[in-house]
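Here's a quick briefing on one chain, from its overall build down to a single pair of residues. Have the structure open as you read.

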Amino acid sequence: MQSNRLYEELPFLKKIDKVRAEQFIDYFKTAPDWLIHKLSAEDVEKDVIFVRENAPVDYVYIVVKGSIEALDYRFQGVVYEFMRFDRIYAMGGMEYIMDKPTYGTTLRTVTKCKIVKISLKDFSRWMSQDIVALKKEAQRVGEYLFEDARKGRAFLFLNGEERVAMLLVERYERYARNGILFVKGGRQHLSNATGLCVKTVQRAIKKLADDEMISKDGAKLFVTNDQYQKMRKLVAKVVDMQ
């Protein structure tokens, strides 16, 4: 079985999150042995930029442990974090599908990560020989573009408070543990993620706190399940959250 082959080549798969490991195995379900043998993995520390926009595409990266974010620096010098990835996705796969010679965005680790690398040459050879894998990759790219465009359209109709609430709702659904989301990164991080200036973020947090939709413990912020439900209703007045 291909899963056994992957565990032999990449034994750390037995130690990572089970869901992520299963996603990784499914991604390479039809991959040939020669490709699996060429996979390499490395540990990358937190806050490291490992892909830069407009740099030549030389590798495809798959994050098997940890979380990364996509950054855009083009808007008046403001760093805008427009997407986070904490599931199996081939970084560089979109560029391959679209036949772009350079990376379309900058990628930075949010946490310490384990990243698997595939040379573009080997990735291209695999895709050209495996129609099933190529179709799945095209589907993943389409889903990413759809999600990104949907989020961008939603932001057009949200004020500062609603933008922060929408972000926290999304983060709660992905990162909450035992019914609580601890908001990491501070006001500057929320500014990067929403495209709002820090002052606007501070006003939004104050309003959400006054309306009991977020809790403050000194400089720390956290969201309970009841608060998440309130924020979800707030955003749902403008955006369909289904």
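Of the 242 residues in this chain, 46% count as buried. Keep in mind that you're looking at a predicted model. As for what the chain is built from, the tally is ten helices and eleven strands.

**Overall shape**
- A compact globule with 242 residues would have a radius of gyration near 18 Å, and the chain comes in at 19 Å, so the two agree.
- Taken along the principal axes, the box filled by the C-alpha atoms is roughly 60 × 40 × 30 Å.

**Contacts**
- Take the contacts between residues at least 6 apart in sequence: 74% of them join residues at least 24 apart.

**Surface and charge**
- The chain has about 13,300 Å² of accessible surface, and carbon and sulfur atoms account for 51% of that.
- On the charge side, there are 42 positive and 34 negative side chains.
- The centres of those two sets sit 2 Å apart.

**A four-stranded sheet**
- Four strands make up an open sheet, running E1-E8-E3-E6 with antiparallel pairing.
- At the edges you'll find strand E1 (40–44) and strand E6 (90–91), each of which pairs on one side only.
- E1 teams up with strand E8 (residues 113–119) through five bridges, in the antiparallel sense.
- Which residue in E8 does Ala 41 stand opposite? That would be Val 116.

Notes: Residues are numbered from 1 along each chain as its sequence is written. This is a predicted model: local features need pLDDT of at least 70, side-chain atom pairs count only at pLDDT 80 or more; totals for chains, interfaces and linings use all residues. Side-chain values use heavy atoms; hydrogens and water are left out. Helices (H or I, at least four residues) and strands (E, at least two) are DSSP runs, numbered from the N terminus. The radius of gyration is taken over C-alpha atoms; the globule rule is 2.2 Å times the number of residues to the power 0.38. Buried means under 20% relative accessible area, exposed over 50%, partly exposed in between (1.4 Å probe, protein chains only). Contact means heavy atoms within 4.5 Å. Accessible areas come from the Shrake-Rupley method with a 1.4 Å probe; for residues, only the protein chains shown count as cover. Lys and Arg count as positive and Asp and Glu as negative; His and the chain ends are not counted. The place of a charge is taken as NZ of Lys, CZ of Arg, CG of Asp or CD of Glu. Two strands pair if DSSP finds at least two bridges between them.
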